[in-house]
Amino acid sequence: MTDWDARFAAGEYPRGPEPSAVLRSYEPAIPDGRALDVAAGTGRNAIYLADAGYSVDALDASREGLSIVRERAEERGLRDRIETVQGDVSTYGFPTETYALVTLSFFHTLDRLADLREALAPGGYLFVEGHLRSSDATPSGPSDDRYRFAANELLRAGLGLTVLYYDETTQERPDDRRRATARLLARRSTGGRQTYPPRPDERGPSDERTDE
C-alpha cells in the first residue's frame, strides 16, 4: 500500500497539480454552492474550486496531504473556503443531497460512485477522471490494472445521471509520461427534456469570451 504521507512529505507528488481541463471548461456552467473534492491529495480540485467561489470540503486519508491543502489555501487567501476532512474514502459516510459539485481525480473507487451520486444535491454535478487500461504503453499511473478503468466502465457507472461529457483518451506528457484517462461529467437530473450546457470547444463566435 502506498504511504501517501511519506510521498507528500518527500515532495514525490506535485504540490500544485493542475485540475482537469474538462473541469475548468465546464465549471462556469455548474451552480455555485458547496463542493466535495474526494481523495483531495494536495488540492488538485479543492484549491481551484475554492478560488472559483465554492465552499469546499477536501477529503483525504493523508494528514500530510491535507496539511499541504491548508498551506496552499492560506497562501492564496482561501482558507475560509476550504474545510479539510481526514477520512478513508472506502468507508467514509458521505452525506446525501448536499453538494452542488463532487470531484474525484485519479483515485480508483468504483464501489463508492453510487454514494457519490447520492451526495449530490438535485441538479448537482459529478466529475470523475481516472487512469484507463490501454493496450499501448502508458508509463504514468498504476502498474496494476485493478486500479484502472476498463473501456466504458466509468461511463456505465455514470448512467444513473445525465451524462454531459465523456471521453477515453491518451495524453502525451513531458518525459514520455504518457497517460490514458477516462473522464466523466454528469448531472443529477431526470426527464426526457432537459437543459444542457454547450461544450466549451463548440462555442460559436458570438459565445466567445472577450476581455473588455
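Me: What share of the 212 residues of the protein chain counts as buried?
Reply: Keep in mind that this is a predicted model. A residue goes down as buried when its relative accessible area is under 20%. Going by that cut-off, the share of the chain's 212 residues that counts as buried is 42%.

Me: And which residues of strand 4 are buried, how many of its 7?
Reply: Strand 4 runs through residues 99-105 and is mostly covered. Using the cut-off of under 20% relative accessible area, the number of buried residues, out of 7, is 7.

Me: Which strands pair with strand 4, and in what sense?
Reply: Strand 1, residues 34-38, pairs with strand 4 over 4 bridges, and Leu36 stands opposite Val102 there. Strand 5, residues 120-131, pairs with strand 4 over 6 bridges. So what's the sense? For strand 1 it is parallel, and for strand 5 it is also parallel.

Me: Which residue in strand 5 is the bridge partner of Ser105?
Reply: Strand 4 covers residues 99-105, and strand 5 covers residues 120-131. In strand 5, the bridge partner of Ser105 is Glu129.

Me: How many helices and strands are there, and how compact is the chain?
Reply: The protein chain has 6 helices and 7 strands. Its radius of gyration is 17 Å, close to the 17 Å the globule rule gives for 212 residues, so the chain is as compact as a globular protein of that length.

Me: How far apart do the centres of the positive and negative side chains lie?
Reply: The protein chain carries 28 positive side chains and 37 negative ones. The distance between the centres of the two sets is 2 Å.

Methods:
Residues are numbered from 1 along each chain as its sequence is written. This is a predicted model: local features need pLDDT of at least 70, side-chain atom pairs count only at pLDDT 80 or more; totals for chains, interfaces and linings use all residues. Side-chain values use heavy atoms; hydrogens and water are left out. Helices (H or I, at least four residues) and strands (E, at least two) are DSSP runs, numbered from the N terminus. The radius of gyration is taken over C-alpha atoms; the globule rule is 2.2 Å times the number of residues to the power 0.38. Buried means under 20% relative accessible area, exposed over 50%, partly exposed in between (1.4 Å probe, protein chains only). Lys and Arg count as positive and Asp and Glu as negative; His and the chain ends are not counted. The place of a charge is taken as NZ of Lys, CZ of Arg, CG of Asp or CD of Glu. Two strands pair if DSSP finds at least two bridges between them.
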